[in-house]
Amino acid sequence: MAGKEKISTRQPLINNQVYGFIPTDIDGVDDLAELALDLRWSWNHAVDELWYQLDPDLWMETHNPWVVLQNVSRDQLIFQMGNAAFLSKLDEMMKLKEKSRNDPAWFQRKYPISDLKCVAYFSMEFMLSEALPIYVGGLGNVAGDQLKSASDLGVPVIAVGLLYQQGYFRQLIDQFGTQQALFPYNDPGQLPISPLRLPNGEWLRINISLSGYTVWLRTWQVQVGRVKLYLLDSNDPVNMPLHRGITSAVYGGGTDLRIQQEIILGIGGWKLLRAMNIAPDVCHMNEGHSAFLVLERAADFMRENGVSFEEALAVTRAGNLFTTHTAVAAGFDNFSPSLMWQFFGNYAKKELHIDFNDLLALGRDDPHNSAQYFNMAYLAIHGSSAVNGVSRLHGEVSRNLFGNLFQRWPTDEVPVGYVTNGVHMPSWDSVYADKIWTQACGKERWRGHLESVEQDIFTVSDHDLWQFRNDSRYHMINFIRERFQGQTEDAGQSPEIVEMAKHIFNKETLTLGFARRFVPYKRPNLLLYDEERFIRILTNPQRPVQLVIAGKSPPYDESGKALIRQWVQFIKQHNLHKHVVFLSDYDMLLTEHLVQGVDVWINTPRRPWEACGTSGMKVLVNGGINLSELDGWWAEAFTPEVGWALGDGREHGGDPFWDADQAIELYELLEQKVVPEFYNRNKDGIPEQWVAKMRNSMSILTPKFSANRAVREYTEKYYLPAADNYQKRASQKGIAGRQMINTFHDLRKKWWQMRFGQIQIENIEGGYQFKIMVWLNHISHDTISVELFAEGLNGSPNEIIKMEIGGLAENGQDHECSACISTTRPAFHYTARIVPCYANISVPLENNLILWQR
Ligand SMILES: *Cc1c(COP(=O)(O)O)cnc(C)c1O
């Protein structure tokens, strides 16, 4: 049998290595197990039919191959393993798996001899598959999709997260529209994960110290194509009951629990990597939750190289990258000094050999203010060599949020860049989309660079695109009917309503979608501002509209729950069941169906609170069109050719009058643009204007807002330089760190006594020559840069011109600094300043000193 030869060439997977039981004595079952435990098949559906064949019902119910494999009977397995068609498919899948894991991908081809060996990606949540519910929403989405793209592109990433005993809550909506929260238990035996075992079979466990107690952490592995995700949990029977529950729920409990989860993620996560002999060049913190890793990574470097904490931090931060996802200051986690003392009092002394107050200073914008809470984002910034926001606008917002850490610096120079998020297209495209895109661009389209994609979609005919759109909508409506029927049954509705659920919606009607968390800044009830007007739009007999909504409110947030109730009661009161449906239990699976089928995706956040937003990107590949507030990604994606925009591109706070204006603007857009464009058909029944928009949105935006683009950008802009810089600083036991710290102290001691003399300006051809005397107070001139600065005019960037530092002047004390500039601006626009400049440090991130001439 073909299966036998294969097995002999590989390490057999034995029961010892999985959690739960599978009958590995049957030939080929370990191959199945390997496929079931690889989340690649959650986006590449090639293996689905095998699971379907093993147990159609269970597969359709759970979409979890590992559950299918563990529940299927021995007889059925033996039967299928004797079925030639099944076996040959299995064989083909194993070959495909080997190939996709080993073939050189984008990274191997573009950087065949790279120094970047390992990026460790830390995140509190990962949204990879509904079979692994360890996520809440957007943040987990970004982490999951980037991991999948790293696998596609071959970027050497591993990831670290937590395994929660409960996922985020599941939502039930009763007949009155009240959200009920359910917390089913995540049985690790039924999740597509396996324990990490040492070569002798022992389960790898990590121990950390939590306010004086030793806490053991169990370790798990998730295979995501080429990439591995490692998970930690504290539910080890040797732990005290108090500690077993730390990882019980994602973002569960108060700050006391949160700090412990974050210690497990950051410190436990780093220790786990070291226990496996993994030494990442780059640690990427997806949000500040994992920032304690900054401390442990430095502590590790101290122990290995016998250097001080300060020096170790100077070395290791070169390899840390912090991505912030929050648009409001209140969004950052912070902990009281006393809570910090409980968990880090000893750690500061014993592990870092520093004063506890110096540790606290790393989480403050004012180190001298002992009342200030410890801010995790500040720790991440103080421990990184690069910081980025998640859209162009969010980069700008973040520069304002973090301005306090860089006092006297112009806001534009606050060191926060941006990488706009993207989504993993193969995870969100429908079978219909896959067909269209494969026809136009080939099967490998999301794996390399995406430059030609735009041209290729222009070759698809109007007819084919419109057919694709219709097929997608039909398919979704079938799903909606089925799902809604189940939901009405679960809510105990009358048989008439259950029967009616089978017939809601019309397959030819313009279908809008709105699905997201129900929190006030997303304004999920904006469409209900003028109910009568909205009903007229929905029920226009010639040009009807229908809307599918979904979303969870935070479980204890009464105002969020009221917003859901408002929708459900609106539908009921006006008998709009044929036009509007609220689907319960918004999760990855539901998103998938909605983004694949809707014609228009609606997004109404209050600018600038949506740092990026990703749900709207998921409709791009499927031919859906966005109608969105000019916030987050849409602020940089929108042009009239690709969709519709709401708002004036400015901030208005929570002004209720502005909300009202925006609701009216939204109705007008629907009435005057969206609805007519959808229903104006040519003689072949095709809405030409609509299809043109759809084509533009697909071709122009899909590549730009793909996780493929985002991961390549992270790799080239951040990972590669960070790895290089870290390796340089770490070499020779981190000698560079000592030099940097010496320079740092020297500058800080002497900085404020430096003095500028008078500036002399001479007109020269087309500009000026500036000369200024500077007394450097014995600071070495190769550790600083003297610059001329002028604020940019009309939104253009600031002008910064490096001055030449001459030798000592006649007085034997001052240095003459000079620069010639060609400009038409008046000379008084220019001011001299001094900033640190040494050892390739990132300024002002690693040293925020600055001295202005005036
Ligand atoms: C995509 C997605 C999100 C993020 O959507 P936003 O519009 O960015 O809030 C949240 N939850 C689920 C289940 C998703 O699929």
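Predicted model: local features only at pLDDT ≥ 70, side-chain atom pairs only at ≥ 80, totals over all residues.
- As a reminder, most peptide bonds are trans.

**Positive phi values**

- Most residues other than glycine have a negative phi, which makes the next two entries worth a look in your viewer.
- Asn277 has phi near 65°, a positive value in a residue other than glycine.
- You will find Asn277 in the loop between α11 (255–275) and β9 (282–286).
- Is Asn277 buried or exposed? With a relative accessible area of 69%, Asn277 is over the 50% cut-off and therefore counts as exposed.
- Glu287 has a positive phi too, near 80°, and belongs to the loop between β9 and α12 (293–305).
- The relative accessibility of Glu287 is 7%, so this residue falls under the 20% cut-off and counts as buried.

- Trp690 is part of helix α29, which covers residues 688–704.
- Its relative accessible area is 0%, so Trp690 is buried.
- Which residues does Trp690 contact, leaving aside its neighbours within four places in sequence? The contacts are Trp466, Leu510, Asp599, Val600, Ile625, Trp644, Val674, Glu677 and Phe678.
- For a sense of scale, Trp690 and Thr178 are 512 residues apart in sequence, and their C-alpha atoms are 37 Å apart in space.

**Cavities**

- How many cavities of 30 Å³ or more turn up in a search of the whole structure? The search finds seven.
- The largest cavity holds about 220 Å³ of space.
- There are 15 residues lining the largest cavity, and Phe484, Gln487, Gln493, Val568 and His577 are the closest to its centre.
- Three elements each give at least two residues to the lining of the largest cavity: helices α21 (462–490) and α24 (558–573), together with strand β17 (580–583).
- Sorted by class, the lining of the largest cavity comprises eight nonpolar, five polar and two charged residues.
- Domain 2 (117–333 + 379–421 + 716–726) and domain 3 (453–705) each contribute at least three residues to the lining of the largest cavity.

**The annotated span and helix α2**

- An unreviewed UniProt entry lists residues 30–132 as "domain: DUF3417".
- In the model, the span of residues 30–132 is 58% helix and 4% strand, and its end C-alpha atoms lie 21 Å apart.
- Helix α2 takes in residues 29–36 and is mostly covered, with eight of its eight residues buried.
- The buried residues of α2 are Val29, Asp30, Asp31, Leu32, Ala33, Glu34, Leu35 and Ala36.
- A general point to go with that list: an α-helix has 3.6 residues a turn, so residues three or four places apart point the same way.

Conventions: Residues numbered from 1 in each chain as written. Heavy atoms only, no water. Buried < 20%, exposed > 50% of the residue type's maximum accessible area, 1.4 Å probe, protein only. Contact = heavy atoms within 4.5 Å. 1 Å grid on protein atoms, 1.4 Å probe; cavity = no way out; pocket = protein on both sides within 12 Å on 5 of 7 lines; lining within 4 Å. Points joined across faces, edges and corners; volume = space filled by probe spheres on them. Nonpolar A, V, L, I, M, F, W, Y, C, P; charged D, E, K, R; others polar. Domains from an automatic or database assignment. UniProt positions renumbered as here; feature names shortened; annotations may be inferred.
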